[in-house]
Amino acid sequence: MGNTIPRARVEDDVPRLEPMLDLEWARAIQLPQAAMTAATPAELRRAWVHRAPEENVLALFRASAGMAGPVPAPWWLRAVADGKLDSREQGFRVEDRIAQLLGRRPGWEFVPWAADGESGYWEFMPSERGKSGHAIPTTVVNTDRHPGWIDVLPAHSGPTPDPIAVAGLAGLRSRLGEFEAVR
């Protein structure tokens, strides 16, 4: 019976409370509901990760990612943390230049409801359910997997095809005819 009574606490037994990094990170990337109507990446930049001092964002990202593996984050933050991109502002410029190019072209629509923490993506709507019958349209996404920062997922109906690495904005501009030809 004596083993069922807990022993008295001593000073060294005081519970140590640590910040709940998962919750803190989730709040850092959380967008307001109004952001879901954004028509460009710039209109989507309303979370803490977009506005807080960059060094604070990096510190929280690194602490959160170190706890349990990769965490949801914008492509540019992963690139900055890995030393592949100099700053968040450079990432914003990449997104904004894509928006300037695709926003003026017929058929391209910005989709703000990407995966948690991501910056949205662009879809070429004529490639969906057109003559070719594809269920998923041609999609342009930003990536940290290569220094061109742009991947294109071709229109498809079955399993997701491998992304096409595009050599930056100039590469995207030069291949738009090819990507828009699928209808």
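User: What makes the largest cavity a cavity, and what is its volume?

Analyst: The largest cavity has a volume of about 80 Å³, counted as the space filled by probe spheres set on the points. The word cavity means a set of points on a 1 Å grid over the protein atoms alone where a 1.4 Å probe fits but cannot get out. The structure holds 1 cavity of 30 Å³ or more. Bear in mind that this is a predicted model, where local features need pLDDT of at least 70 and side-chain atom pairs pLDDT 80 or more, while totals for chains, interfaces and linings use all residues. Residues are numbered from 1 along each chain, and side-chain values use heavy atoms, leaving out hydrogens and water.

User: Which residues of the lining lie nearest the centre of the largest cavity?

Analyst: Leu 44, His 50, Gly 117, Glu 118 and Ser 119 do, out of 13 lining residues, where lining means having an atom within 4 Å of a point. Helix 2 (41-44) and helix 3 (48-51) each supply at least two of the lining residues.

User: How do you know that the buried residues of helix 1 line one face?

Analyst: Buried means under 20% relative accessible area with a 1.4 Å probe, protein chains only, and in helix 1 (residues 21-29) that gives Leu 21, Trp 25, Ala 28 and Ile 29. Down the helix axis they fall within an arc of 85°, so they line one face. The arc uses directions from the axis to the C-beta atoms.

User: Why do strand 1 and strand 5 count as edges?

Analyst: The open sheet of 5 strands has the order 1-2-3-4-5, with antiparallel pairing. Strand 1 (108-111) and strand 5 (164-166) each have a single partner strand, so one side of each lacks a neighbour in the sheet.

Notes: Buried < 20%, exposed > 50% of the residue type's maximum accessible area, 1.4 Å probe, protein only. Helix = DSSP H or I, 4+ residues; strand = E, 2+ residues; numbered from the N terminus. 1 Å grid on protein atoms, 1.4 Å probe; cavity = no way out; pocket = protein on both sides within 12 Å on 5 of 7 lines; lining within 4 Å. Pairing = 2+ DSSP bridges.
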